[in-house]
Amino acid sequence: MANHCRALSREEEEADAISYEVMQAIRRSFITPFDRSDIKALSSALDDAIDQMNKTGKTVVLYDVSRFEP
């Protein structure tokens, strides 16, 4: 379980880097295929989602959860 949580943490760091790249690309682009605010909102929502997943993983490790009941 801890291995999965560490992997999730690495993925969250990668997602932060991607989110940063998206924001930089929006700022550099004169014309975007979608409204800039829509792209920013989507990127921000995706980042918030993986941040929550990472927080859940950290909590699982903190409380040493080894299984989940259905």
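This is a predicted model: local features need pLDDT of at least 70, side-chain atom pairs count only at pLDDT 80 or more; totals for chains, interfaces and linings use all residues.
Residues are numbered from 1 along each chain as its sequence is written, and side-chain values use heavy atoms, with hydrogens and water left out.

**The two helices**

Helices here are DSSP runs (H or I, at least four residues), numbered from the N terminus. The expected span is 1.5 Å times one less than the number of residues.

| Helix | Residues | End-to-end C-alpha distance | Expected span |
|---|---|---|---|
| α2 | 27 residues | 39 Å | 39 Å |

**How they pack**

Helix α1 (residues 2-28) meets helix α2 (residues 36-62) at an angle of about 165°, with their axes 9 Å apart. That angle makes the pair roughly antiparallel (over 145 degrees; under 35 would be roughly parallel, 65 to 115 roughly perpendicular, and the rest oblique). Axes are lines fitted to C-alpha atoms over the stretch in contact, and angles run from 0 to 180 degrees between N-to-C directions. The crossing of α1 and α2 is left-handed, meaning that the near helix is turned anticlockwise from the far one by less than a right angle. What lines the contact? Twelve nonpolar, five polar and eight charged residues. For that tally, Ala, Val, Leu, Ile, Met, Phe, Trp, Tyr, Cys and Pro are nonpolar, Asp, Glu, Lys and Arg are charged, and the others, Gly among them, are polar.

**What is tucked away**

Buried means under 20% relative accessible area, exposed over 50%, and partly exposed in between (1.4 Å probe, protein chains only). In α1, Cys5, Glu12, Ser19, Met23 and Ile26 are buried, and the buried residues of this helix pack against α2. On the α2 side, the buried set is Ile39, Ser43, Asp47, Ile50, Asn54, Gly57 and Val60, and these pack against α1. An α-helix has 3.6 residues a turn, so residues three or four places apart point the same way.

**Two residues to look at**

Is asparagine 54 buried or exposed? Buried, at a relative accessible area of 7%. Leaving aside residues up to four places away in sequence, asparagine 54 touches Leu8, Ser9 and Glu12, where contact means heavy atoms within 4.5 Å.

Histidine 4, in helix α1, counts as exposed at 62% relative accessibility. Histidine 4 and lysine 40 lie 36 residues apart in sequence and 29 Å apart in space, C-alpha to C-alpha.
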